[in-house]
Amino acid sequence: MSKIGEGTNPQSQEKRDLLVLLERAQSRSGYLSKRTIAELAESLGLSIGEVYGVASFYSFLSIKPQGRNVIRICKSLPCYLKNAQTIIEGVRKEIGINPGETTADGRFSFELTNCIGACDKAPAMMVNDDVHGDLTPKKISKILQAYK
Amino acid sequence: MAEITVTINGRQVSAKEGMTILEAALENGIDIPTLCHHQDLTPLGACRICVVEVEGSRTLVGSCHTPITEGMVIHTHSDKVLATRRMIVELLLASHCGSCFMCDKANICELRKIAADLEVGLPRFQMRKNYYPLEDISPYVVRDLTKCIMCRRCARACSEVAGHNVFAIAYRGFDSKVVVDFDQPIDKEVCRDCGVCISFCPTGALGKPREAKEEKRGKPLIITS
């Protein structure tokens, strides 16, 4: 198995490329395993803690294995004011797990995230790369049906 | 280095170009409280205790990392500055564990000293405290993150003074904390006998393991007749 970052772009082997490399590694395997983080740290000359720190800081990087589809509901203020709580509750009822968890069948992971830039459509959520706005608890079931 | 003139608290003083406001103030006998700052470490400006008022600036500025410029007019102890510092200490104390009675470093704690100097008592804000289990498996350092105020002095001391890189900051917001590798308790595998970070910690978050029969530091003197 080749090391993460090796052979992708020979120029990107500097500390400042860390975020790009993490993103790339995540898109390849769905999450950032300890092994991935340790290999990246070694190739960039950073400590494991520093890479782990960056990986755990960003909502869109995951240090836990994820389901096939990732639901991210915005927990920032504009969505909160537009009753994001009811949407979180709705998703919880629909798929039966709490934020931070993954369904047993691996179909969905459920996360709360910081602002996703869809405040004009608050309350909003993302499923994988699709943004769904102007949500009501009623709409959730139909939206989630499209993701197998 | 060129000499430049700044006004601190109504007094014109001259200082060298490239100095920070804090250094210029100290050189002229003006005491500005600091917490995350340490003379042997790179300035960071994390704690905001050292904020001062600079005329013409939209916000208060951190004096430990702001260089002086010609003609700067600085107020280090205006009402606004003092009110802000008190609020910062209050907020730090609100999420601090607050069990000074039980703390080995209670009488050498910089946070407690600053709170006393600024006359901050019990914080008004009641909030949920983070709980982290005590990490005492290392023979060199005991870590109690419930007392950590995230000043990052340990992380900087470890990389800049000790030449290691044991500590890093992970997670986000209220969850953020100083981690070792994959957020694991500090043990003798990752950190060898050096103890540099312990002397840099302003609170009781980092300490030496207590030796058998060793008494608490700074304990009250009891005179027996």
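## Helix α3 of chain A and its surroundings

In this predicted model, the buried residues of α3(A) pack against elements of both chains: α1 (18-29) and α2 (34-44) of chain A, and β7 (167-170) and β8 (177-180) of chain B. The helix spans residues 48-57 of chain A, and nine of its ten residues are buried, so α3(A) is largely enclosed by the rest of the structure. The buried positions are A:Ile48, A:Gly49, A:Glu50, A:Val51, A:Tyr52, A:Gly53, A:Val54, A:Ala55 and A:Ser56.

## The contact between the chains

Nine residues of chain A and twelve residues of chain B make up the contact. On the side of chain B that touches chain A, β7 and β8 of chain B each supply at least two residues. β7(B) gives the largest share of that side, four residues. Sorted by class, the side of chain B that touches chain A holds eight nonpolar, three charged and one polar residue.

In soluble globular proteins, nonpolar side chains tend to be buried together. The largest nonpolar core here has 64 residues, and A:Tyr52, B:Cys154, B:Phe167 and B:Cys197 are those with the most contacts inside it. The element that gives the most to this core is α3(A), with five residues. Another core, of 19 residues, lies apart from it; A:Cys79, A:Ala122, A:Ala124 and A:Met125 are among its members.

Which residues does B:Cys197 touch, not counting residues up to four places away in sequence? They are B:Val141, B:Cys154, B:Ala157, B:Cys158 and B:Leu206. B:Ile198 is found in helix α5 (residues 196-200) of chain B. Leaving aside neighbours within four places in sequence, B:Ile198 is in contact with B:Val141, B:Leu206, B:Gly207 and B:Lys208. B:Ile198 and B:Val141 are 57 residues apart in sequence, yet their C-alpha atoms are 7.4 Å apart. B:Ile198 has 18 C-beta neighbours inside 10 Å and therefore counts as partly exposed, since a buried residue needs 20 or more.

## Layout of chain A

Chain A contains six helices and four strands, arranged along the sequence as α-α-α-β-α-α-β-β-β-α. The domain assignment divides chain A into domain 1 (1-65) and domain 2 (69-145). The centres of domain 1 of chain A and domain 2 of chain A, taken over C-alpha atoms, are separated by 27 Å.

Along the principal axes, the C-alpha atoms of chain A fill a box of roughly 50 × 30 × 25 Å. Of the 148 residues of chain A, 30% count as buried. Among contacts in chain A between residues at least 6 apart in sequence, 59% join residues at least 24 apart.

## The sheet of chain A

The four strands of chain A form an open sheet with mixed pairing, in the order β2-β1-β3-β4. β2 (108-113) and β4 (130-132) of chain A are the edge strands, each pairing on one side only. On average, neighbouring strands of this sheet are turned by 20 degrees against each other, direction ignored. Helix α5 (residues 84-95) of chain A packs on the sheet and touches β1 (69-74), β2 and β3 of chain A. The direction of this helix makes about 155 degrees with that of β1(A).

Strand β3 (residues 125-127) of chain A runs antiparallel to β4(A), and three bridges join the two. A:Val127 has A:Asp130 of β4(A) as its bridge partner. The loop between β2 and β3 of chain A holds A:Pro123. The peptide bond from A:Ala122 to A:Pro123 is cis, with omega near -5 degrees.

## Hairpin and positive phi angles in chain B

Strands β1 (residues 3-8) and β2 (residues 11-16) of chain B pair in the antiparallel sense over six bridges. B:Ile8 stands opposite B:Arg11 in β2(B). The two strands, β1(B) and β2(B), form a hairpin with two residues between them.

B:Asn9, in the turn of this hairpin, has a positive phi of about 50 degrees, although B:Asn9 is not a glycine. Another residue other than glycine with a positive phi is B:Asp181, near 45 degrees. B:Asp181 is found in the loop between β8 and α5 of chain B. Are B:Asn9 and B:Asp181 buried or partly exposed? B:Asn9 counts as partly exposed because 15 C-beta neighbours lie inside 10 Å, whereas B:Asp181 is buried, with 23 other C-beta atoms within 10 Å.

Notes. Residues are numbered from 1 along each chain as its sequence is written. Chains are lettered from A and ligands numbered from 1 in the order in which they are written. This is a predicted model: local features need pLDDT of at least 70, side-chain atom pairs count only at pLDDT 80 or more; totals for chains, interfaces and linings use all residues. Domain bounds come from an automatic or database domain assignment. A residue is buried if 20 or more other C-beta atoms lie within 10 Å of its own, exposed if 12 or fewer, and partly exposed in between; C-beta atoms are placed from the backbone. Two residues are in contact if their C-beta atoms, placed from the backbone, lie within 7 Å. Ala, Val, Leu, Ile, Met, Phe, Trp, Tyr, Cys and Pro count as nonpolar, Asp, Glu, Lys and Arg as charged, and the others, Gly among them, as polar. Two strands pair if DSSP finds at least two bridges between them. Axes are lines fitted to C-alpha atoms, for helices over the stretch in contact, and angles run from 0 to 180 degrees between N-to-C directions. A nonpolar core is a set of buried Ala, Val, Leu, Ile, Met, Phe, Trp, Tyr and Cys residues joined through C-beta atoms within 7 Å.
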